Structure formats: structure tokens, C-alpha cells
Amino acid sequence: MTLLIQRLFDGLSSGAVYAALALAIVLVFRATGTLNLAQGEMAMFTCFLAWKLADPAHGLGWPVVPAILLAMAVGLAGGAVIERVVVRPVEDRTDHLPIIIVTLGLMLAINALAGALFTTDVVRLPEVFPAGALRLGDVHLSYATIGLLAVLLVVSALIWALFQRTRIGLRMRASVDNPDSARLLGIRRSHMLMLGWGIAGALGALAAVLVAPQTFVHTGMLQGVLLYAFAAATLGGFTSVLGAVVGGLIVGVLQSLAAGYVGFIGNDLSLLVALVIIIAVLMVKPAGLFGRVDSSRL
Amino acid sequence: MLRAISGVVPSTAEYRFFGVRRRPRSPEQVARLGVAHVPQGRGTFGNLTVEENLLAGATLRRRTPEIAEDIENWMTRFPALRDRRAQPAGSLSGGEQQMLAIARAMMGRPKLLLLDEPSLGLAPRVVTELFDHLKALNETLHVAMLVVEQNARQALRHADRGYVLEQGRIALHDTAAELGGNDAVRAAYLGV
């Protein structure tokens, strides 16, 4: 029993990271209608930036929190710039393949650039949350897990409020729902796209620095995480903010339980869990748990 | 043609809008001139609520209290919208969606309202109601309207002036009453 609860908490902790990256994927998907395969690498790049700012030996030795905030700001600007400069020229609302290929190219390019600019070694970002754990009986609930879940909760509440409670959020939703009508009302679609990609970039940066204590910082740090995030987004339904969060947590827990209880999976094959989830969801309920099946009446 | 005025389709044409020469570049810019466009097929935001659709119509306005007041006014004018204010617009009937599309366009307080085939797909009774509403808007709110309509009989009954287009060129234009009485027009377009 104790072990089960411990594994649940471990799962929620990695699930929070998947959820943050899944949120980024969902935001881009809602804005542009396609996947950004480079989302993970963009996040990895900003995480290296945070490391460069914070590391006392190889960098500037900033305190870690301002370093992370600046990395998120760079993620925001970087996402917007990438949308405008690289993605927009190939945008075609009926054919999404060009964008996917461009983001695939970005993924490789950013990976190489990070290696060249920073380092190809594995480095450590200083911890944000204090070490240690809360003891509940025999279960250890680490401060890092509590912190992760709290950050996820706050961030998803902020995103939800942005979309549901602000005028700019309403404009973004209108622009996603019917781009042509939105433009006729004076909503600048171009700005909405850049904003969607920008927020996704900032969220990605956050996911990367949150996962950094477990994966450490290196050019491949998010490649596995990105797959789990895709699984989370698929499970949650790709169009839903809530879906991304719930999907992320479920995927994290499933992964932790499968690794613990299904003998042959262990830690080596746990990526299999992500693939099984993706395939199972697509076969049983393609719209995911919270996805919208678009309907309209003429 | 309406899509060219709004800048949805590229056009090299120029037009005069309240005496100023304009060349449409993008729909966003045209909207900023005070031109609202109710597109063919209504173009409501199906996943947004009725109220959110109206709010989105006020994108270019700043004063929140006035916007809220306008929303109430439009819901009074079209009571069906008030009954369904928290429902997704996609769940509305065709006629209700057309009213919503018009109210949404009017939320921007435009000087000119463009309507593209507003009667398309609506029941005859709803079409009559729709044109009565348009006439009332025109008279009480003094908004200019340019309506492109296949239903020539209804359109001419409510319009001040009529223009007959043939292959993109104006073949005939006159006051709506004169056009409606013109034998050639009656034979060709009104089917009498």
C-alpha cells in the first residue's frame, strides 16, 4: 500500500511536467491547427539558457528563479518569432504537412545549435525547490513534488483565466474558431498566432526547468518527455487546456505504475507506455477525454 | 464583391468610403474603417457562447460599460439571443445564428454593414422577419447597408436603391421602387 501511494506521488510529479509541455503543444495546435515537433527542443534550449545564467562556474551565477523567469521570457519571444519568421511562410490551412516538416527541421536545428552554443555535456541546473520531503507515515512526499504540482496548478489556472476571462483570450478563441470571421471583426490573426506560439514557448521553458532536476540538462533531455507530452495531449484531446493537464497527470501515474508493477517494462521500456496510450486513445476515443468534436449547423 | 471590399480576397480596385479613397488591404484594416461584414453562411463562432460572440464583435471598442450596455440592447432586440446567451452559438437555429451574426457585426458600431446572402438557407417566414429587422436597424440606428441577395423580391421591397449585377458589372441601377416596377427586371429576376 505504501509503495502504491509512493508510486502515485512519483507519477503525479512527472505527470506535472508532461502536463506543462502538453499544454504548450495544445496551445500551438489550437492556434495553428498543427503539431510543433520542435516544442521540446525549444524548451531544452531555454533550459540551457537558464543554466547559463544560473551556473556559478560556467555561467553568470544568477539566482535560479530570475534565471528561469528570463528563460521563460526568451521562450515567449522565441516562440512568437519562430511562428512569424519560419512557420507563417509555409502556412496553408488545408495542408498541414509543410508546417510539420518545418518544425521537424527546427527540432534538429535547435538541437544542434544548443550543442554548439552551450555544451554537449550533461550539466546541472540548481534546484528551485528545497531538498527533503514531507513524511506522511511511510510515504515520502518530496518538496519538489509538492512544488511541481503547485506550479502546474497555478499555471493552468492562469492559462484558463487568460482564455476565459480576458478580452485577448476571447480574441484568441474567436480566431481559432473561425479565422475569417475573426478578421472581419478586426481581430489580427497574425498577432493571435504569434501570441499562441509565444505562450507555448514560455510554458515549454517552464516544463524544461521543472524536469531538469530529474533528467539533468543536456541536448536530449526532453526527447522522451516530448513523447509523454504527446501522449498526454492525445489523451486529453488536443483542443482542451483541462485535457492537457488531466492527460499529463494520468500519463505520469500510468507510467509510474507500469514501471513498478509490470515486470518487463521497468525503467527501460517505460516509453512504451506513452506509445500504448497514444494508440489506445486513437483507436477507442480519437477525440480524447476532453476533446471537442466540431459540430455546426447551417 | 463584398469579399473584395472587405479585403478577404485580393483586389486592386479602389473605392470611395465616405469621400475618402480606399484600397482594401486586409480585413482587419477594413474593419477599422467602420465597415462590418456579415459573411455568407453567417460565420458565427460555433464553440463560443452567444454572449462571447457579441463580445468578440466589440473587439475594436474600448469602453467596457458601453459594450455591456450594447449587448443588453441587442438581446432585447433579438430575445432569442438572451434566452441562449450562455449556449454555444453552434447550437442555435439558422435564423438565430443570422440574427447573432448581424448583432455581432453591429457590436462594432459600424458605419457600413455588408450582408452577403443573408436569406440563404432560411425559411421564408424567417426571411421576412430578417428583412424587417434590417429595415428597422437602418431606420433607427442610421447604419448604411449593402446587401447582396438572390431573393430580389424581398431585397427590393426593403431597400432604398437597387443595383443589378451581370457578370460583375452593374447592368442597371435605380431606386428600389423603380427597379421593382421595371418590366425587364420583373421578368428576369422576380419571375413574374
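Which residue of chain A forms a salt bridge with B:Glu52? The views below are of a predicted model, in which local features need pLDDT of at least 70, side-chain atom pairs count only at pLDDT 80 or more, and totals for chains, interfaces and linings use all residues. Residues are numbered from 1 along each chain as its sequence is written, chains are lettered from A and ligands numbered from 1 in the order in which they are written, and side-chain values use heavy atoms, with hydrogens and water left out.

**View 1. Salt bridge between B:Glu52 and A:Arg173.** The partner of B:Glu52 is A:Arg173, with the closest N and O atoms 2.8 Å apart. A salt bridge is a side-chain nitrogen of Lys or Arg within 4 Å of a carboxyl oxygen of Asp or Glu. The rule finds two salt bridges across the interface of chain A and chain B.

**View 2. The interface of chain A and chain B.** Chain A contributes 21 residues and chain B 32 residues to the contact (heavy atoms within 4.5 Å). The buried area is about 2300 Å², with 52% from carbon and sulfur atoms; buried area is the accessible area (1.4 Å probe) that two parts lose on being put together, summed over both.

**View 3. Salt bridge within chain B, between B:Glu51 and B:Arg85.** The closest N and O atoms of this pair are 3.1 Å apart. B:Glu51 lies in helix 3 (residues 50-57) of chain B, and B:Arg85, 34 residues apart from it, in the loop between helix 5 (79-83) and helix 6 (94-106). Helices are DSSP runs (H or I, at least four residues), numbered from the N terminus. Over all chains, the structure holds 14 salt bridges.

**View 4. Nonpolar surface patch on chain A.** The patch covers about 1100 Å², and its residues include A:Leu3, A:Phe264 and A:Met283. Patch residues have over 30% relative accessible area and no salt bridge, nonpolar side chains (Val, Leu, Ile, Met, Phe, Trp, Tyr) being joined within 5 Å; accessible areas come from the Shrake-Rupley method with a 1.4 Å probe, and for residues only the protein chains shown count as cover. Helix 11 (residues 271-284) of chain A gives the most, with six residues.

Note on methods: Patch = residues over 30% accessible without salt bridge, like charges linked within 9 Å, V, L, I, M, F, W, Y side chains within 5 Å. Helix = DSSP H or I, 4+ residues; strand = E, 2+ residues; numbered from the N terminus.
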